[in-house]
Amino acid sequence: MSEETWTARVFGGFRKTSERLTENLSGIVSKTRLDEAQLDDLEDALILSDLGPRAARRIRDKLAGERFERGADEQSIREAMAEEIAAILRPVAKPLDIVAFPRPQVILVIGVNGSGKTTTIAKLGHLFQELDYGVLFAAGDTFRAAAIEQLAVWADRIGVEVVRGPEGGDPASIVFDAVKLATDKGTDALIVDTAGRLQNKRELMEELAKIRRVLGRINPEAPHDVVLVLDATNGQNALQQIEVFKEVAGVTGLIMTKLDGTARGGVLVAAAEQYGLPIHAIGVGEKIDDLRPFDPDLVARVIAGVA
Ligand SMILES: Nc1nc2c(ncn2[C@@H]2O[C@H](COP(=O)(O)OP(=O)(O)OP(=O)(O)O)[C@@H](O)[C@H]2O)c(=O)[nH]1
């Protein structure tokens with residue numbers, strides 16, 4: 001996909017978020033400084049747009065300190081907002097680099113069912129393929145046959161081999177086989193699907209601990225990444241998931257999906273400000289190339305509605 005098409009997708013993706021945020025700005029016009037009541041309204045608008053109280057406060061402070069020389073019209077307010085949102089996003093916008101030596105880089109992908117985990121694995125595999133990396137998948141979500149099947153269908157479509165076992169099989173043994181295969185072949189990236197059973201934290205924790213033990217036997221550095229996939233349409237719930245998965249799974253980075261078609265894209269900013277975890281990529285659609293690392297300045301401008 002060309003750069004232009006991707007930019008258009010990002011714009012399209014955040015359109016609803018941007019609309020929600022800026023529909024509250026239209027009445028606000030001031031001379032050179034915003035008064036307290038206007039700042040309160042803006043802060044509320046930011047919270048209502050899922051940016052979270054901390055980011056909202058930070059942006060409010062920025063706006064309060066701003067001298068709008070040509071008057072605080074909607075456009076100037078949006079621009080100042082975009083600047084601060086970019087400042088929040090810049091430190092966390094980090095693509096997932098393949099740096100492991102020896103290979104493979106083992107990337108555990110976790111997230112609740114339906115968050116877009118399987119699709120994201122496929123998209124991530126495709127992204128690595130485009131960078132000329134060799135990729136292998138491990139179908140570690142053995143809890144449901146459909147999950148194994150779905151991963152296999154995607155793998156087939158993009159020409160990636162997948163190590164799989166029976167439904168109900170032991171995920172750790174699949175991961176073991178997959179790491180062995182990837183190590184023997186010198187595959188660059190091994191992406192592991194895992195079950196997303198948040199309702200049973202202990203079981204999930206034990207399963208992940210077992211996967212870690214098995215991985216550690218072959219490569220003490222593995223897993224190199226534990227990536228949590230979040231569905232942006234869940235808004236504030238997505239933040240709670242970060243909280244829980246950080247505790248049970250030692251999350252090292254995030255991918256946020258389904259930013260298209262939701263007005264809740266502001267949650268990306270809330271996650272960045274509250275957790276500071278790297279955000280490796282964003283998903284803005286169901287197609288294979290709808291996932292990419294993101295440009296924080298572009299996304300900030302899109303959210304704030306600066307053309
Ligand atoms: N609009 C949109 N849909 C997406 C995106 N990412 C994934 N989806 C869709 O979300 C649905 C769930 O995705 P899956 O990949 O099946 O999610 P999962 O977390 O693996 O879910 P289970 O397989 O049920 O555990 C699918 O219909 C995907 O096509 C995205 O960025 N945008």
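At what angle do the axes of helix α4 and helix α11 cross? In this predicted model, the axis of α4 (residues 52-64) and that of α11 (residues 267-275) cross at roughly 90 degrees and come within 7 Å. Because angles of 65 to 115 degrees count as roughly perpendicular, α4 is described as roughly perpendicular to α11. On the α4 side, the contact is formed by Gly 52, Arg 54, Ala 55 and Arg 58, which meet Val 269, Ala 270, Glu 273 and Gln 274 of α11. Sorted by class, the residues in the contact of α4 with α11 comprise 3 nonpolar, 2 polar and 3 charged.

Two strands were examined next. Strand β6 (residues 253-257) pairs with β7 in the parallel sense, and the pairing spans 3 bridges. Within β7, Ile 279 stands opposite Leu 254.

The ligand is surrounded by 20 residues, of which Gly 116, Lys 117, Thr 118, Thr 119 and Gly 283 are the closest. At least two residues of the shell around the ligand are supplied by each of α6 (117-130) and α7 (145-158). Helix α6 provides the largest share of this shell, namely 3 residues. In terms of class, the shell around the ligand consists of 13 polar, 5 charged and 2 nonpolar residues.

Technical notes
Residues are numbered from 1 along each chain as its sequence is written. This is a predicted model: local features need pLDDT of at least 70, side-chain atom pairs count only at pLDDT 80 or more; totals for chains, interfaces and linings use all residues. A residue is near a molecule or strand if its C-beta atom, placed from the backbone, lies within 6 Å of it. Helices (H or I, at least four residues) and strands (E, at least two) are DSSP runs, numbered from the N terminus. Ala, Val, Leu, Ile, Met, Phe, Trp, Tyr, Cys and Pro count as nonpolar, Asp, Glu, Lys and Arg as charged, and the others, Gly among them, as polar. Axes are lines fitted to C-alpha atoms, for helices over the stretch in contact, and angles run from 0 to 180 degrees between N-to-C directions. Angles under 35 degrees count as roughly parallel, over 145 as roughly antiparallel, 65 to 115 as roughly perpendicular and the rest as oblique. Two residues are in contact if their C-beta atoms, placed from the backbone, lie within 7 Å. Two strands pair if DSSP finds at least two bridges between them.
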